Amino acid sequence: MEREYDYVIVGAGSAGCVLANRLSADAGVAVLLLEAGGSHRHLHSHIPAAFPKLFKTKRDWNYVTQAEPTLKGRTVYIPRGKMLGGSSAINAMIYIRGRRSDYDGWAAAGCTGWSYDDVLPYFRRSEHNERIHDDYHGVGGPLNVADLTLHNPMSTAFVDACVEWGMARNDDFNGASQDGAGFYQVTQKKAARWSTAQAFLRPARKRRNLDVTTGAHATEVIVNGTRATGVAYVVGNERRIARARAEVIVSAGAINSPQLLMLSGIGPADHLREHGIEPVVDLPVGKNLQDHPAVMVVYESTKEVSLAHAEKPRALLEYLAFRRGMLSSNIGEAGCFVHSREGLEAADIQFHFGPAYFVEHGFETFDGHAFSLGPTLVTVASRGSIELRSVDPFSKPRIQGNYLSERVDVATMVAGVEISREIVQQEAFDPYRGREIYPGPDFTTGAELEEYVRQVAELLYHPAGTCAMGAPGAAVVDPELRVNGIEALRVVDASVMPTIVGGNTNAPTIMIAERAADLIRGVA
């Protein structure tokens, strides 16, 4: 089967849904959106606190790294949403944009048009903020951004303890300053998840010029000469081709996008030849992989107020009947941004606080009540890579993160554990502080804490940078997100970030797609 469109978009995740909406707003163009997964309509996606139950299911790509020498030879799990909405339908819904210096750094490195002042209008265009109406925030956009309807008392204690420790109180991490402690705003509407499938795709699907095909696994970008002309994909056992009159746009994420490009002959020439693929263009596709490592610091709670009660039938009935209660929580309710040492331009540690026992991605259980602090490295020096494992497009790529391979990253993570302990010792936690479960009393010195960090560090599920943007001709994509050396092909997702932003990556990915839509239409 073969059909023709103006634009063919691969991937209906945080970026692809935005592009499908913005490009199909022009009734004169035909748009096809391909998604390997299925519907986002699932109770565990709809109910905020239930998102970990989607991990390692058919709605998750369920990626695992190679053995990581710097993490004691462990493999590291990377969940990625495999459904409409992509990872915005499986994440913790935290709305964080990153730091002004992130975007100004992109611009200074040759990414013209991506400074903070350049991208702020696109953040504002996508957003409808229920509480904050100022020059930093938007009203009337498709993406609903709200305060949590309920704050657990231990989350309040965390914010108060951070202030006692010496941080400023911050009620808007996306405003004038990111530093300080407060409660996260979330992509929810009426206490339910508001993914890009709901915010952007659902209102656009009624348009006759937009086709959405689920269960469609892209296998190759078709390149004639040096021009992308379409996409080959498989639905069931049937191979199909979608031709693109104008452009092919790859929005499959920081793991799948580089894999698809390499399968299409776009990538490191020597690596492609190793797999019998004749290079079309030699580019550093798959290099520069970055993510946010995190460790968990967990305490038993002396009061039975944690989200452990969310597992009870009463909590489900309360949520379904009234859209309130513990299941409306995103688990990571509160947080802070802090400098691990003096002299830093911006915070290098982000904390995620959960009034719950959250270990091993939620798979490890605990018979009791607890709270968890997750110091997270957001200024990342270490770099990894994505490579082909085989020419089979259904084979998972080879992921080597090299997490904490740079000494500064390890030192910062150790500092994060030490700061966690100091925060929990503040007076605000006196009513709740029980025994320290992790790291526990066996880890006290710097060397012991480094050992702990390497033993338990996981990721915050923010892969980025593998199709990095840079000055024209110097990277995988140019500042207009066009693949260097290939006409009519762009990459639009977190893979284009030259350096990962200092915070959760969903909002920045949506912003990238908003700006990309204007670049594609020639109105940026």
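I start with a cut-off I will need below: a residue is exposed when its relative accessible area is over 50%, buried when that area is under 20%, and partly exposed in between. I also remind myself that this is a predicted model.

**Entry 1: E311 and K53**

With that cut-off in hand, I looked up E311. Its relative accessibility is 60%, so I call E311 exposed. What does E311 form with K53? I found a salt bridge, with the closest N and O atoms 3.8 Å apart. E311 sits in the loop between β18 (297-301) and α9, while K53 sits in the loop between α2 (43-46) and β3 (63-64), so this contact ties together parts 258 residues apart in sequence. K53 has a relative accessible area of 44%, so I note K53 as partly exposed.

**Entry 2: E514 and R22**

The side chains of E514 and R22 meet in a salt bridge at 2.8 Å, N to O. E514 belongs to helix α12 (residues 506-521) and R22 to helix α1 (residues 16-24), so the pair ties together parts that lie 492 residues apart in sequence. Are these two buried or exposed? E514 counts as buried because its relative accessibility is 0%. R22, with a relative accessible area of 16%, is buried as well.

I then followed the shared partners. Salt bridges join R22, R125, E514, D518 and R521 into one network.

**Entry 3: R245 and D6**

How many salt bridges does the structure hold? I have 31 in my notes. One that I looked up joins the side chains of R245 and D6, at 3.2 Å from N to O. This pair links distant parts of the chain, with R245 in strand β14 (residues 238-250) and D6 in strand β1 (residues 2-10), 239 residues apart. I checked the accessibility of both ends: R245 is partly exposed at 42%, whereas D6 counts as buried at 15%.

**Entry 4: the β5-β6-β8 sheet**

On to a sheet. I found an open one of three strands, in the order β5-β6-β8, with mixed pairing. Which strands stand at the edges? They are β5 (127-129) and β8 (185-186); each has a single partner strand, so one side of each is left without a neighbour in the sheet. I looked at one pairing in detail: strand β6 (residues 143-147) runs antiparallel to β8, and two bridges connect them. Going residue by residue, I noted that D147 has Q185 in β8 as its bridge partner.

**Entry 5: V221**

I picked a residue in strand β12 (residues 216-224), namely V221. Its relative accessible area is 0%, so V221 goes down as buried. I also took the C-alpha to C-alpha distance from V221 to P258: the two are 11 Å apart in space and 37 residues apart in sequence.

**Entry 6: a positive patch**

Last, the surface. Which residues form the positive patch? I listed R41, K189, K190, R202, R205 and R323. I placed one of them, R323, in the loop between α9 (313-322) and β19 (334-338). R323 has 32% relative accessibility, so I count R323 as partly exposed.

Key. Residues are numbered from 1 along each chain as its sequence is written. This is a predicted model: local features need pLDDT of at least 70, side-chain atom pairs count only at pLDDT 80 or more; totals for chains, interfaces and linings use all residues. Side-chain values use heavy atoms; hydrogens and water are left out. Patches are made of residues with over 30% relative accessible area and no salt bridge: like charges are joined within 9 Å, nonpolar side chains (Val, Leu, Ile, Met, Phe, Trp, Tyr) within 5 Å. Accessible areas come from the Shrake-Rupley method with a 1.4 Å probe; for residues, only the protein chains shown count as cover. A salt bridge is a side-chain nitrogen of Lys or Arg within 4 Å of a carboxyl oxygen of Asp or Glu. Lys and Arg count as positive and Asp and Glu as negative; His and the chain ends are not counted. The place of a charge is taken as NZ of Lys, CZ of Arg, CG of Asp or CD of Glu. Helices (H or I, at least four residues) and strands (E, at least two) are DSSP runs, numbered from the N terminus. Buried means under 20% relative accessible area, exposed over 50%, partly exposed in between (1.4 Å probe, protein chains only). Two strands pair if DSSP finds at least two bridges between them.
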